[in-house]
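Work through the exercises below with the structure open. Try each task before you read its solution.

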Amino acid sequence: MLARASRGFARGRSLSSTTTIYDGFGENLFKGAVAAPYLKAHGLSADALDDYTWTKTSADKVAAAVSDWAADRGASSFCHWFQPLGASGVRHGLTGQVQNMMINFDKEGVPKWDFKGKDLLKGETDGSSYPNGGLRATHTAGGYLSVDPTSPISLRGDTIFIPACFVSYYGFALDEKTPLLRSSQAMSKQGARLLKALGYNVTGIQSNIGLEQEFFLVPREAYMKRLDLMMTGRTVLGRNSPRGQEMCDHYMAPLSLAQPAIDAIKDMQREALKMGIPLRTRHREVAPNQYEMAPLFGSVTTQIDQNVWAMQIIEEMAAANGLAALLQEKPFNDINGSGKHNNWSIGTACGTNLLNVAQVAKASGSTEIFPVIMAAIVSAVDKHGDLMRAAIASPGNDFRLGACEAPPAIISTYLGDDLTKYLEAYKTGVKAEYTPATKILNMGADVLPTFEGPAEDRNR
């Protein structure tokens with residue numbers, strides 16, 4: 001358990017202190033202000049990592065900078081950190097890694113520090129057991145790791161973690177990250193091509209997501225008595241609990257200071273902040289002992305990596321506080337399972353949100369781009385809803401669903417009255433800026449300010 005007395009996050013800024021709860025944010029992430037002095041020391045600019053061609057032009061210099069950072073932080077090992085295909089619910093943290101010391105020997109057999117560009121860029125390991133042991137011949141059993149420069153290098157304990165993609169001897173993806181980067185590249189290329197045809201030149205587009213993470217916290221002593229929970233992450237047999245979620249009284253209820261859950265959640269947030277993960281939101285969920293945490297929006301590749309780290313941190317900090325975190329999609333019968341709501345958007349490489357009407361119009365100088373983008377999205381969901389549904393049809397997730405909980409069996413799009421009318425009018429040749437209506441909600445008490453509600457309700 002972390003020693004609470006040594007933490008610098010115990011309180012916010014006060015009149016007598018210059019420290020804040022955010023001190024140490026991102027200190028375990030090699031990017032931005034943390035990486036800048038190390039990069040500059042080796043003749044690179046502070047933003048050198050933002051140009052992904054460093055893998056071809058400056059790998060040795062970046063490796064030297066990472067090596068210096070590791071030494072200063074007491075790290076002596078490194079690994080290529082990847083996400084094996086089909087690892088959900090089986091692998092701790094959903095990741096794979098082989099940790100190696102940064103060590104070599106001179107001619108006299110004296111050990112010396114050693115970490116070069118070739119070590120940073122790629123690695124090799126046994127790929128024969130991914131996703132199972134019977135897919136490849138033994139003479140083509142290699143698995144190859146290539147650094148993913150879109151996601152920052154991180155540090156935990158004495159080890160540097162290098163985000164990587166994992167492929168087989170013949171180049172077939174053995175991980176979740178490689179297909180993601182391939183699809184991201186295809187979307188960026190074709191999206192930029194579409195925008196150019198509409199008179200808006202951009203270098204590329206990207207998906208931005210915010211992944212909400214739900215989980216259960218149960219007493220670790222009780223968890224250790226349930227072999228089914230330990231082995232599968234969910235109950236397999238036994239009676240339902242005498243009281244479920246009939247009253248929904250757990251939803252958004254106070255996070256009691258008398259219970260260990262709040263201490264565990266605070267530890268999760270503190271550890272995540274060090275990794276540059278802003279787990280901004282925390283609250284109780286509908287089912288008993290169920291909770292949710294959510295970060296801020298970010299690019300799809302870094303958000304995926306951050307979510308994987310967050311799940312591992314959730315498990316570790318729960319254990320440090322005498323609890324067990326259950327991340328399986330449906331741990332208990334007849335009460336809600338845990339979801340991972342994926343709040344999705346697309347934007348340009350320079351930061352314009354393509355689903356924000358005002359931003360698109362201002363950046364492009366045109367009011368006609370937004371309706372085309374919306375039409376493309378609706379068409380894609382209509383044509384490929386079955387593929388979207390299949391993409392989330394893991395055994396654990398489908399066990400939770402049955403079309404009743406989430407996501408639905410039929411993927412559909414609801415735009416709301418205002419946006420639907422706008423697109424219908426645009427289809428007939430009416431060219432105007434989309435201006436959604438708002439409504440004023442009277443709270444019914446003079447002391448309460450009126451509330452300006454959005455044009456449409458939440459859409460799932």
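**Exercise 1: A salt bridge across the chain**

Glutamate 316 has a relative accessibility of 25%, so it counts as partly exposed. The model is a predicted one.

Solution. 
- Step 1. Arginine 156 sits in strand S8 and glutamate 316 in helix H9, 160 residues apart, so the pair links distant parts of the chain.
- Step 2. Apply the cut-off: buried means under 20% relative accessible area.
- Step 3. Look for shared partners. Salt bridges join Arg156, Glu271, Lys274 and Glu316 into one network.

**Exercise 2: Two further salt bridges**

Task: The structure holds 12 salt bridges. Take lysine 116 with aspartate 114, then arginine 243 with aspartate 249. Which of these residues are buried, and which are partly exposed?

Solution. 
- Step 1. In the lysine 116 pair, the closest N and O atoms are 2.3 Å apart. Lysine 116 is partly exposed at 40%. Aspartate 114 is buried at 12%.
- Step 2. Arginine 243 and aspartate 249 meet at 2.6 Å, N to O. Arginine 243 is partly exposed at 48%. Aspartate 249 is partly exposed at 42%.

**Exercise 3: Helix H8**

Task: Check the length of helix H8 (residues 260–274).

Solution. 
- Step 1. H8 has 15 residues, and at 1.5 Å a residue it should span 21 Å.
- Step 2. Its end C-alpha atoms are 22 Å apart, which agrees.
- Step 3. Among the buried residues are Ile262, Asp267, Arg270 and Glu271.
- Step 4. Find the neighbours. The buried residues of H8 pack against strands S8, S11, S12, S13 and S15, and against helix H9.
- Step 5. Look past the helix. Glycine 276 follows H8 with a positive phi, near 75 degrees.

**Exercise 4: Strand S7**

Task: Which strands pair with S7 (residues 142–147), and in what sense?

Solution. 
- Step 1. Strand S6 (residues 122–126) runs antiparallel to S7, joined by 5 bridges. Lysine 122 has serine 146 as its bridge partner.
- Step 2. Strand S9 (residues 159–168) also pairs with S7 in the antiparallel sense, over 5 bridges. Here glycine 143 stands opposite serine 168.

Definitions and conventions
Residues are numbered from 1 along each chain as its sequence is written. This is a predicted model: local features need pLDDT of at least 70, side-chain atom pairs count only at pLDDT 80 or more; totals for chains, interfaces and linings use all residues. Side-chain values use heavy atoms; hydrogens and water are left out. Two strands pair if DSSP finds at least two bridges between them. Helices (H or I, at least four residues) and strands (E, at least two) are DSSP runs, numbered from the N terminus. The expected span of a helix is 1.5 Å times one less than its number of residues. Buried means under 20% relative accessible area, exposed over 50%, partly exposed in between (1.4 Å probe, protein chains only). Contact means heavy atoms within 4.5 Å. A salt bridge is a side-chain nitrogen of Lys or Arg within 4 Å of a carboxyl oxygen of Asp or Glu.
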